[in-house]
Amino acid sequence: MSQTTLNLIAITIFSLVMASLLGPLLHLSPVVPAVAAFSLLSIATLDAFSLQGRLGTLVVDTIAQFSEEHRSRIVRHEAGHFLAAHLLEIPVTGYTLNAWEALRQGQAGQGGVSFGAAELEAQITTGKLSTQLIDRYCTVWMSGIAAEQIEYGNAEGGTDDRQKIRLLWMQLQRSMGEADLKQRWALLQAKTLLQDQTVAYKALVTAMEQRQPVEVCQQAIEASLKSVELPGR
C-alpha cells in the first residue's frame, strides 16, 4: 500500500475521531461519521488495489497544494532536476508540478521531470554501464534534494530520487553501502553544479512557474548562460 494511501486512511481515522468527539456538540447523528468513514476506507482500499495509489496521491497532493511553501518547494526541486539534466546533456522530455498535471499526462505519482533514459537502459541491458553515465544520472537524481537544501536548508522531497540510485545499485548487484556513498557524492556534485549556475536556475524556476513548455525552459537556461561569463564553456 502506498504512503499516500496510508496518509488518506490516517486522515479518515482522524476525521472519524473528531466527528465522534464533536458530534454531540453539533447534534450530528453517529450514523453520519460511521457511513463517511466506511465510504472513505472503501475508496482507500479500492485505490490501493485497483488504482495503484493514484487517488490517495491526488487527495494528499491537492491538500498540500494549499501551502505556498509546498508549491514553491516543488518548483525549485524539479528545477534542480531540469537544470542538472540540461547541463549534463540528459534529454528532458517533460515536467509536471503536481499530481493532477501528472495524471493528465498519463504519469503516476505527484509528477516531476521526465528524462530520456534510452542510453542508460541500453547500457544496463548490455551489462556495460559506464562510470561517467552513472555519475551523470546520479547527479541529476540528487539535484532536486540539492536545490531544496540550497534554498531552504533542508529537503522534504527526494525519497523516490534516492530510491532510484538504490534500485540501480541492486541491478548492478553492488552493495547498498556503496549506493549510500554514491548518493552523498552525487548530492555534493549537484549542489556545486546548481550554485555555479544560480542565474540560469532562477530563470528556469520563473519559466517553470509559468508552466512554459520544455523548449522555452531550455531557451531560458541558454539565454542565462550566455549572459554570464562561463570559463571553459
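Start by selecting helix 4 and helix 11: helix 4 passes helix 11 in a right-handed crossing. Here, right-handed means the near helix is turned clockwise from the far one by less than a right angle, and left-handed means anticlockwise. Before you go on, note that this is a predicted model, where local features need pLDDT of at least 70 and side-chain atom pairs count only at pLDDT 80 or more, while totals for chains, interfaces and linings use all residues. Residues are numbered from 1 along each chain as its sequence is written, and side-chain values use heavy atoms, with hydrogens and water left out.

**Stop 1: helix 4 against helix 11**

Helix 11 covers residues 214–227, and its axis comes within 11 Å of the axis of helix 4, crossing at roughly 70 degrees. Axes are lines fitted to C-alpha atoms, for helices over the stretch in contact, and angles run from 0 to 180 degrees between N-to-C directions. That makes helix 4 roughly perpendicular to helix 11; the labels are roughly parallel under 35 degrees, roughly antiparallel over 145, roughly perpendicular from 65 to 115, and oblique for the rest.

Now show side chains. From helix 4, pick Phe 82, Leu 83, His 86 and Leu 87, which meet Val 214, Cys 217, Gln 218, Ile 221, Glu 222 and Leu 225 in helix 11. Contact here means heavy atoms within 4.5 Å. The residues of this contact divide into 7 nonpolar, 2 polar and 1 charged (Ala, Val, Leu, Ile, Met, Phe, Trp, Tyr, Cys and Pro count as nonpolar, Asp, Glu, Lys and Arg as charged, and the others, Gly among them, as polar).

**Stop 2**

Buried means under 20% relative accessible area, exposed over 50%, and partly exposed in between, with a 1.4 Å probe and protein chains only.

How many aromatic pairs does the count come to? There are 2, where rings of Phe, Tyr and Trp (its six-membered ring) pair if their centres lie within 6.5 Å, and planes under 30 degrees apart count as stacked, over 60 as edge-to-face and the rest as tilted. The rings of Phe 82 and Tyr 95 have centres 6.2 Å apart and planes at 70 degrees, so this pair is edge-to-face. Phe 82 lies in helix 4 and Tyr 95 in strand 1 (residues 92–95), so the pair ties together parts 13 residues apart in sequence.

**Stop 3: a pair inside helix 7**

Select Tyr 137 and Trp 141. Their ring centres are 5.8 Å apart with planes at 50 degrees, so the pair is tilted. Both residues lie in helix 7, 4 residues apart, about one turn of the helix, and both are buried.

**Stop 4: helix 4 against helix 7**

Show helix 4 (residues 68–87) with helix 7 (residues 131–152): they pack at an angle of about 135 degrees, with axes 7 Å apart. That makes helix 4 oblique to helix 7, and the crossing is right-handed.

Finish on Glu 148, which lies in helix 7 and is buried, with a relative accessible area of 3%. Leaving out residues up to four places away in sequence, Glu 148 touches Arg 73, His 77, Gly 153, Asn 154, Ala 155, Glu 156 and Gly 157.

**Zoom out**

Colour by secondary structure to see 11 helices and 2 strands; helices (H or I, at least four residues) and strands (E, at least two) are DSSP runs, numbered from the N terminus. Of the chain's 233 residues, 40% count as buried.
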